[in-house]
Amino acid sequence: MSTASQTSQRKFSLPIMTIVYVALIPFINWSFTWAPMWEVLPGWAFNPVTIVTGLVLVVRDFAQREVGHYVLIAMAIALVLTAFAAGPELALASGGAFAIAEMVDWAMFTFTKYRLSTRVLLSSAIAAPLDTTIFLYGAEMIRPDQLTGPNITMSIIGKMVGAVVIWWIVRSRFERNQTTPASRSN
């Protein structure tokens, strides 16, 4: 295979994480329209979808690594799909929340020189409470009892658990790659 064809193959590789990102947004938003509230303790009910919402922020970080600032176009496509899947009101709530979280993530990934693992963790820690509160406020207008302490808590915990797992994986890979060949043989 020639160098030119190898280069063109790399140039046109499928942005898998970006596709996953675009698919997750409308799916999770749609899930908020029907998922039942779970009551764990009296007065402590939450929507189980809030647990997996953190996946979106972490996948977004990897999508930005794949497509750079075009991740904003991916987000717009996902919000259009959300409008079809879950309605324009939820798309607006999601769009507002994602826009704020996206700006935090974008700034973290654009202006800081931290390791990738640190950027993933810090951007999630800053964006998760903002994204959660804004989204659940908008969802409250569509479906009552979404902006609750338990929903906010479970969503932030879900987002941070996902961020910590990805942080650990990325950091472990980085440290493994930083090990010199001489130290591997010892």
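**Rings and a patch**

Modeller: Ile169 sits in helix H7 (residues 149-178); helices are DSSP runs of H or I with at least four residues, and numbering starts at the N terminus. This is a predicted model, where local features need pLDDT of at least 70 and side-chain atom pairs 80 or more, while totals for chains, interfaces and linings use all residues. Residues count from 1 along each chain as its sequence is written, and side-chain values use heavy atoms, without hydrogens and water.

Biologist: Is Ile169 buried, exposed or partly exposed, and why?

Modeller: Partly exposed, because Ile169 has 32% relative accessibility; buried means under 20%, exposed over 50%, partly exposed in between, with a 1.4 Å probe and protein chains only.

Biologist: OK, new topic. How many aromatic pairs are there?

Modeller: Three. Phe, Tyr and Trp rings (six-membered ring for Trp) pair with centres within 6.5 Å; planes under 30 degrees apart are stacked, over 60 edge-to-face, the rest tilted.

Biologist: Why is the pair of Trp30 and Trp34 tilted?

Modeller: The planes of Trp30 and Trp34 are at 55 degrees, with centres 5.5 Å apart, so that pair is tilted. Ring pairs also join Phe27, Trp30 and Trp34 into a cluster.

Biologist: And what about Phe32 and Phe135?

Modeller: Their centres are 4.8 Å apart and the planes at 65 degrees, so Phe32 and Phe135 are edge-to-face. That pair links distant parts of the chain, with Phe32 in helix H2 (residues 16-32) and Phe135 in helix H6 (residues 116-142), 103 residues apart.

Biologist: Are those two buried or exposed?

Modeller: Phe32 and Phe135 are both buried.

Notes:
Helix = DSSP H or I, 4+ residues; strand = E, 2+ residues; numbered from the N terminus.
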